[in-house]
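Subject: Handover of a structure and the findings from it

Dear colleague,

Please find below the structure that I am passing on to you. My notes on it follow directly after the display.

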Amino acid sequence: MPARGKMGGVPAVRSVYVCQQCGAESPKWSGQCPSCEAWNTLVETVTIRQPASPAARARGRGAVAVGPGVISPISEVQSAETGRLPTGIGEVDRVLGGGFVPGSIVLFGGDPGIGKSTLLLQLAARLAAAGHPTLYVTGEESAAQVRGRAERVDGVVPNLGLVATNELETAVGAIGGAAPSLAVVDSVQTMTSAELAGPAGSVGQVREVATRLAELAKAGRTCVALVGHVTKEGTVAGPRTLEHLVDAVIYLEGERLGSTRLVRGAKNRFGSTDEVGVLEMRGDGLVEVPDASRFFLESEQPPVAGSAVTIAVEGTRPLAVEIQALVAPSGAGAPRRATTGIDVNRVLMLIAVLARHAGLNLTGHDVYVNVAGGLRIEEPSADLAVAAALASSLRERPIRSGTALAGELSLAGRIRPSPRIERRLAEARRLGFTHLVTGASSRHGGTGGDGALHVTDIRSALREVLAAD
Ligand code: TYD
Ligand code: MG
């Protein structure tokens, strides 16, 4: 057999420089990442790989004869959905797509302190109490600390095991040995593999931890739930370094000081990513919010100036959401525009549309827009409610009582009807709104057969919803 060069037979030690920001690898160090151009983000990462077996090398060249055993008729392949494990917390199951899928790996991301450890401990305890053995690997806190939290959240149950370790190999051994239904690894940033030289939390380590745990999950029926802190840039351990390694990415979001927590899917191989779950952080852990749609309605009747309600649709769920605007004369200098829960650029556009097409000039005013309850709204259908809230605040007149709004505004001041209007309408009715103002399409005009009030442009919409003095 001819010599295979210096790689043959001995483990290959390779040193690469991995950008902690984007995960790109470079063979040599430089001050700036050649890929994402971030500064001082390259960290040396040493990898030790065992040489590939001759069979693997042959596979690499794509020429292995396979027997009929390799090919399975699709009708005989078991669906990954088989044996889904509902956690019993409906708001989380909704986002997962019905529960954990055996043999999968799910990443739970979120800011430090948002409640990831609490949620995962609760999920592990629920499943354990239902007779599915679970394992909680803690690299961040001691076993005693986790026990303390378990007491608060009613999580001291049989079938729930704890492992306190920072070593990936120990975690993998424990999970592989116990083969639980669910294994929580808290967190990906605190586990290190002895095979890599980088520090805990570096991209190389984080990727290795996720890869090994993904392999472990795929090899059996254990579902691995991996906890990850979000970095300053807003993603788990550097953009996109982990997302492609896992089956689903679930974010836990919310205002740090408020008690609402939103569970949102960013990727899900086994379900939709539009669903959102609503939880509330209490003294005894995270609890489901009974009527989530009502939850984002802050004000009580009678309506106040500057507040408007939209019916948003997140996934399959309609949510009534209150938009609050405050318009106040600004002092010297450029007026302030600040938002929470909605893109400030969208609001700037709406301010321009109001000026041009509704005769409402806000150039001398500071503008603040807030989405109640800590929700973040992305869909343009909220435009109409935002514009109405701004107009209502400026005119100091409340929106007509019992009115909700849903429609996208065009730069020409026209209102486009919202998609899934029937759903929004049904939800508005259920919550006691008597009017839903939306855009007009060719099918509808005025009070169409569907019961919504279809209006063509922003000027007429404001005439409709701003109560006369
Ligand atoms: P934690 O789950 O430790 O957050 P993370 O793992 O995302 O860093 O939760 C931290 C916060 O939650 C902490 O400020 C205390 C609060 N908390 C409650 O309000 N109620 C509870 O029952 C628990 C366990 C925590
Ligand atoms: Mg934690």
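For the classes used here, Ala, Val, Leu, Ile, Met, Phe, Trp, Tyr, Cys and Pro count as nonpolar, Asp, Glu, Lys and Arg as charged, and the others, Gly among them, as polar. By that division, the shell around ligand 1 consists of four nonpolar, six polar and six charged residues. Please note that this is a predicted model.

The ligand site

Ligand 1 is surrounded by 16 residues, of which Gly 113, Ser 117, Thr 118, Arg 282 and Gly 285 are the closest. Three elements, α3 (116-129), α4 (143-152) and β11 (276-282), each contribute at least two residues to this shell. The greatest share comes from α3, with three residues.

Several polar atoms of the protein lie beside oxygen atoms of the ligand. A polar side-chain atom of Arg 149 is 2.9 Å from an oxygen atom of ligand 1. For Gly 283, a backbone N or O atom is found 2.9 Å from an oxygen atom of ligand 1. A polar backbone atom of Ile 114 lies 3.4 Å from an oxygen atom of the ligand. On its own, ligand 1 has 560 Å² of accessible area, and the protein covers 74% of it.

A pair of helices

At their contact, Val 353, Leu 354 and His 357 of α8 meet Ile 458, Arg 459 and Leu 462 of α11. By class, this contact holds four nonpolar residues, one polar residue and one charged residue.

Backbone details

Two loop positions deserve a mention. The peptide bond from Asp 186 to Ser 187 is cis, with omega near 5°; Ser 187 belongs to the loop between β7 (182-186) and α6 (203-219). Asn 40, a residue other than glycine, has a positive phi, near 55°. Asn 40 sits in the loop that runs between β2 (25-26) and β3 (42-49).

With kind regards

Key: Residues numbered from 1 in each chain as written. Chains lettered and ligands numbered in written order. Predicted model: local features only at pLDDT ≥ 70, side-chain atom pairs only at ≥ 80, totals over all residues. Heavy atoms only, no water. Near = heavy atom within 4 Å. Polar contact = N/O pair within 3.5 Å; in protein donor to acceptor, adjacent residues only side chain to side chain. Areas by Shrake-Rupley, 256 points an atom, 1.4 Å probe, with all protein chains shown as cover. Helix = DSSP H or I, 4+ residues; strand = E, 2+ residues; numbered from the N terminus. Contact = heavy atoms within 4.5 Å.
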